[in-house]
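Colleague: I would like to learn how to read a few features of a model. Could we go through them one at a time?

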Amino acid sequence: VRVAVVGSGLAGFTAYQTLRRELEPEEIAVFGLEDDPAATFRRRAAAIRQRQMRSESDGHCLPTTFPGLAFRSAAARRSPAPLVGTLLDRYHPTVGEFLAHVDRLRARSGWDRSFRRARIGRVRAVDGGFELDGHGTFPHVLVATGHPGLNVPDALRTDPRAVHSYEPHEYASTVTVVGAGLAAATEWLNALDVGAEVISVRRREPVRRPLNAPREYFSRRGLSGFNRLGTSERTARLQSLLAPSYPPGRVFDEPLARAMMEDRFRVERSVNGTQQVICATGFLRGFTHDPLLERLVGEHGLETAGGWIVLAPDASVPALSDATRTLALAGVAAQWAFPASDTLAGARFVAHGFLRRIRSCRTR
Amino acid sequence: VSYTLRGRVESRLAAVLLVVAAACVLALAEHKWWPVEAAGLMLGVGLALDIQVYHPLLRYQPGWAALPLGVLELGLVLLLMRAAGVAAPVWQAVALFGGGWLAAQLLAHAAFPLLRLGYAEDGGELGHLGAAAALSVGAVLAGAGATAYALRPPVVHLAAGVHQGPLVITHREVLVGEPGAVVRGGIVVRASGVTVKNVTVVGGENGITVERVRGTVLDGVSVSGPTLDGIHVRLAGVVIKNCTVDMLGNTLGQGIDISYTMDMGRTMVEGCTVTGGMEGITTHSSMTEIMHNSVSRTTMRGISVTEMSMGMVMDNEVRDARGIGIWCNDRSMCMIERNTVLDTRPDAMGHAFGVLTSFQSEANLWENQLGANPVASAAITQSEVQSGRSFSYR
């Protein structure tokens with residue numbers, strides 16, 4: 001086995017599908033605690049009662065954008081509607097469709113033959129590759145450990161009313177939702193749906209855009225300029241690109257406008273005396289919250305900037321990758337190379353770069 | 001896709017490769033160059049828009065945008081084809097474009113992403129495939145251009161002086177008369193693809209006879225003193241421009257007679273001066289554009305479009321005809337615009353019309369100067385005249 005993926009979530013799973021184009025399951029080792037690649041996503045989507053994906057037709061785990069989920073849905077439903085929707089950028093697969101897609105891929109790709117249940121706490125560069133915490137040495141390693149944890153504001157950490165949006169919860173009759181991203185917007189609607197009075201607490205007005213980042217940042221068009229930025233400019237650009245956002249459209253606007261007229265939805269600056277506080281505040285940011293990455297940086301003296309590990313444009317770690325070995329990061333840890341790396345398209349981007357490096361490796 | 005400039009160009013070139021291949025096959029099948037010329041124009045328009053318009057304006061191009069952009073490109077291609085004189089059947093050209101557009105969509109949305117893992121994230125760039133596509137398109141178009149160059153008809157120069165005719169042309173060629181070159185006894189065109197340029201013809205049964213051939217061009221010819229017609233066209237495709245036909249003294253022959261050419265596509269008479277003869281310019285069962293000509297002193301009609309012809313008669317001057325200046329007759333359809341008809345003389349029955357539409361014909365008259373005639377215009381025997389530009393014979 002010459003290739004290892006550390007992390008068995010969706011980013012690791014997407015990388016695995018790309019690797020499978022050229023490698024057999026026995027040539028890939030996937031390390032993780034859960035063999036279901038969608039387990040974490042499934043729990044979080046259920047917690048916020050998410051029914052539709054924010055991603056579009058190409059928000060899947062396959063190595064190529066075609067055939068996308070719209071094409072598959074059109075074939076399954078025998079209806080052109082999904083294809084028309086995707087032409088208009090209005091097709092969003094349901095969470096159910098996406099999870100079924102993951103299950104199908106898992107069954108047919110040999111994922112379970114590659115999966116090894118183990119927590120990798122340390123990745124150490126050694127001669128010929130990377131030693132993974134006593135599980136062997138691999139020339140090519142992709143670290144896809146995912147978000148390091150849920151972010152709860154300090155002031156609410158000990159508040160008994162507080163729950164994170166990605167933790168299972170019901171809704172009280174008066175609810176404060178902290179945050180301004182898609183999870184917050186979804187929680188506003190969820191709480192309003194069950195008749196609650198909702199207060200939105202946010203530091204800034206939410207950005208309205210269809211995807212996590214502007215579309216040009218999903219291709220070389222935006223990325224080439226992004227990659228040319230100096231360290232401080234790139235840090236600032238990332239902070240602005242990663243500001244909370246949710247998609248424009250009537251799905252959100254109409255219920256919120258109606259609730260405002262009924263005086264059941266309002267915006268406030270700080271948390272007040274509602275019965276429940278939902279923290280739709282996303283995830284902890286920065287490699288320092290991920291023990292594996294923090295140790296990797298510390299032990300190898302890797303370059304960092306503003307909480308991000310500095311990466312090459314293909315998301316490999318420059319100091320530890322050469323013609324004979326590759327260490328690359330996927331998922332949220334790869335934002336330095338691809339701002340929307342915590343999306344499925346981002347996972348695919350990193351996977352393509354990782355496979356390219358394996359292909360070009362002299363000792364492969 | 002958020003295309004990079006290189007991605008746009010490479011995707012365009014790779015997609016147009018199919019169109020160019022189809023155009024070459026069509027050109028071989030039809031023995032015509034218009035498909036290759038049209039494909040070249042499609043590529044040129046597409047690349048120009050990619051570089052000058054799409055790349056600066058469209059940071060992201062949603063799928064639906066392909067439709068209006070395709071319509072824009074089609075319009076520009078058709079306009080340029082018309083301006084460049086590419087003689088393409090419109091619907092075939094539209095079908096070629098439409099097929100190319102559809103192929104481009106299928107390639108961009110399905111085939112390219114399957115062929116190249118990072119097609120979308122690379123902004124449409126195709127790597128080696130893009131370079132190969134560019135080379136292939138260049139090679140095919142250069143090959144087509146070289147072939148067209150090699151297949152040009154030979155140019156035959158007719159020296160100054162009098163050459164005894166009739167001169168019979170039996171091979172595709174361009175016959176160019178040097179100043180002072182005269183053919184006495186007429187010219188007979190018996191091969192397709194012949195161009196006769198700057199030649200003076202004197203006498204002969206017909207001055208120039210074109211029969212059962214395609215693609216004849218008569219440019220700058222001068223005809224005088226034939227026994228029958230000045231220029232006599234039967235069952236042939238012809239473009240006649242900048243000619244002079246002197247029929248004075250010939251009371252029965254026609255200046256230019258184009259008959260039974262409907263199956264040969266549109267014929268054209270443009271920029272000619274016809275003097276004398278029974279009719280100046282006449283068409284029978286033909287589809288002809290008669291434009292910017294001057295016709296005078298005929299013994300009967302100046303211009304006639306008759307016997308189920310379709311004709312566009314525009315910007316002509318007809319002077320001193322007898323009976324009828326411009327005649328649309330016998331179930332013909334005529335678009336008669338911006339002509340000037342002066343001094344039409346009464347015929348033996350005492351009739352003199354600027355424009356007459358007769359025997360179940362349809363004519364559309366627009367902005368003609370007909371005042372200086374005994375009767376400006378009339379429609380008789382179940383014919384119909386419309387005024388305005390709503391009529392089209394296409």
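Colleague: Is A:Tyr246 buried or exposed?

Modeller: This is a predicted model. Buried means under 20% relative accessible area. A:Tyr246 has a relative accessible area of 5%, so A:Tyr246 is buried. A:Trp188 is also buried, at 0%.

Colleague: Why is the pair of A:Trp188 and A:Tyr246 edge-to-face?

Modeller: Planes over 60 degrees apart count as edge-to-face. The planes of A:Trp188 and A:Tyr246 are at 90°, with the ring centres 5.7 Å apart, so the pair falls in that class. The pair links helix 7 of chain A, which holds A:Trp188, to strand 12, which holds A:Tyr246, 58 residues apart.

Colleague: How many aromatic pairs are there over all chains?

Modeller: The whole structure has 14. One of them is A:Tyr16 with A:Trp111, edge-to-face at 5.3 Å centre to centre and 85° between the planes. A:Tyr16 lies in helix 1 and A:Trp111 in helix 6 of chain A, 95 residues apart. Ring pairs also join A:Tyr16 and A:Trp111 with A:Phe13 and A:Phe115 in a cluster.

Colleague: What is the area buried between chain A and chain B?

Modeller: About 1,900 Å², with carbon and sulfur atoms giving 54% of that area. On the side of chain A, A:Phe66, A:Arg220 and A:Arg221 lose the most area to chain B, together 37% of what that side buries.

Colleague: Which residue forms a salt bridge with A:Arg220?

Modeller: A salt bridge needs a side-chain nitrogen of Lys or Arg within 4 Å of a carboxyl oxygen of Asp or Glu. B:Glu125 forms one with A:Arg220, the closest N and O atoms being 2.4 Å apart. The count between chain A and chain B is three salt bridges.

Note on methods:
Residues are numbered from 1 along each chain as its sequence is written. Chains are lettered from A and ligands numbered from 1 in the order in which they are written. This is a predicted model: local features need pLDDT of at least 70, side-chain atom pairs count only at pLDDT 80 or more; totals for chains, interfaces and linings use all residues. Side-chain values use heavy atoms; hydrogens and water are left out. Buried area is the accessible area (1.4 Å probe) that two parts lose on being put together, summed over both. Rings of Phe, Tyr and Trp (its six-membered ring) pair if their centres lie within 6.5 Å; planes under 30 degrees apart count as stacked, over 60 as edge-to-face and the rest as tilted. Helices (H or I, at least four residues) and strands (E, at least two) are DSSP runs, numbered from the N terminus. Buried means under 20% relative accessible area, exposed over 50%, partly exposed in between (1.4 Å probe, protein chains only).
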